[in-house]
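Let's take a walk through this one together. Have the fold open in your viewer and follow along.

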Amino acid sequence: MADIPELRKFVAPEFLFGLGARKLSARYAKNFGASQALVVTDPGIIAAGWAGELIEDLEAAGIPYRLFSDLTPNPKAAEVMAGAAVYEQERCDTIIVVGGGSAIDCAKGIGIVSSNGGHILDFEGVDRIARPGPPMICIPTTAGSSADVSQFAIITDTDRRVKIAIISKTVVPDVSLIDPLPLTTMPRELTVNTGMDALAHAFESYVSNAHSPVTDLFALEAVRLLKAHLAAAMDRPDDIDRRAGTMLGSLYAGLAFSNASLGLVHAMAHSLGGYLDIPHGECNALLLSAVVGFNFAAAPERYATIGEVLGLTMGGLGAAEQKALLVESLHEMKKSLGTDRRLSQLGVTPGHLADLAAKAINDPCLATNPRRPTRGDIEQLYAQAL
Ligand SMILES: [Fe+2]
């Protein structure tokens, strides 16, 4: 008899995947009974034209709206509170967000505060939200964060210079309209960094202590899709088939990590993002191979399986050779994607490492990492990427 898996749940929102999905937001807003929608987006998405298209669709359907776009990458608690104030003043009852992970996390925060009152930082942790937010419709514009399907919202506390994680079923959006077309306006660097974020989600959820047979399916298929399509999507930004491949890879990685959680790469990336405001995707891209090297011995068979999915021949090799091959292939992948910068090029100095490690050791993502690091281990890993 096969081993009986441990008890696990799997949460996913309703989502539509495919060309034209983004055009359905007005119909869904109507279905949710929206009388005034708060449209959350960011200046880059306005410039690319995707927010304007959404607004035209809402106007054509006669759905009143207010726009909120005062947000930055690594969304800040003050930005969430400003958005929540607009939501309340304008008597909104639905949120529609078009953007990447930062806009979506900010929108999730606005939803939490609008339904529960208080300050967004009061909701840090797992299952701390008493009342679900208003109906929320997502149109993701990157293939990376998968905030549009996840139980996570990551908000920066600028006073403490840390990112807080809010993890709750109530922050899973009501519907995600996942359309590959908005990806075609992503700059090259954003394509790569968000794609590497998705790859890190797939790796971390596959080796997570909380993985399940269901999250495994999604995690491995995400690795395969991202390996198959990311480089081509970077080289040919208008190739919609390749964009769709990375979008599907990101979705699968999102469904996996939303339910299996993450690990040390994200703990370290959150620390870098909160302390030095470095973009999340690039943090993951820079840290993934070092963490694989550190974690490998705790989950050798799982990493070997990931290696096989990446096209590496793992059979017949010892664990040390498998580890070296996998780490080397990640270096090669980063080089071919042109994302082989060092942390020092992003403003990190040796003097930052102790503080960064002290913050990373408290990140909730560490709970599911297959190997428990010390602060010293984490400091050394940052040093490797310096
Ligand atoms: Fe991430």
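The centres of domain 1 and domain 2, taken over C-alpha atoms, are separated by 25 Å. Domain 1 covers 14–183 and domain 2 covers 186–385, with bounds that come from an automatic or database domain assignment. Keep in mind that this is a predicted model: local features need pLDDT of at least 70, side-chain atom pairs count only at pLDDT 80 or more, and totals for chains, interfaces and linings use all residues. Residues are numbered from 1 along each chain as its sequence is written.

Where the domains meet, 25 residues from domain 1 and 30 residues from domain 2 take part in the contact (two residues are in contact if their C-beta atoms, placed from the backbone, lie within 7 Å). On the domain 1 side, S7 and S8 each supply at least two residues, and S8 gives the most, with 4 residues. Helices (H or I, at least four residues) and strands (E, at least two), by the way, are DSSP runs numbered from the N terminus.

So what does the sheet holding those strands look like? It's an open sheet of 3 strands in the order S5-S8-S7, with mixed pairing; strands pair if DSSP finds at least two bridges between them. Strand S5 (125–126) and strand S7 (152–157) sit at the edges with a single partner strand each, so one side of each has no neighbour in the sheet. S7 and strand S8 (residues 162–167) run antiparallel and are joined by 6 bridges, and threonine 156 stands opposite lysine 163 in S8. Lying across S7 and S8 is helix H5 (residues 101–116), which runs at about 90° to S7; axes here are lines fitted to C-alpha atoms, for helices over the stretch in contact, and angles run from 0 to 180 degrees between N-to-C directions.

The largest nonpolar core has 128 residues, of which Ala202, Ala222 and Met268 touch the most other members. Such a core is a set of buried Ala, Val, Leu, Ile, Met, Phe, Trp, Tyr and Cys residues joined through C-beta atoms within 7 Å, and buried means that 20 or more other C-beta atoms lie within 10 Å of a residue's own, with C-beta atoms placed from the backbone. Both domain 1 and domain 2 give residues to this core, so it lies between them. Leaving out residues up to four places away in sequence, alanine 202 touches Ala219, Ala222, Val223, Leu226, Ala253 and Ala256.

Finally, look at helix H11 (residues 300–309), whose buried residues are Arg302, Tyr303, Ala304, Ile306 and Gly307. Their cover includes helix H6 (188–207) and helix H10 (280–295).

Definitions and conventions. Buried ≥ 20, exposed ≤ 12 C-beta atoms within 10 Å, placed from the backbone.
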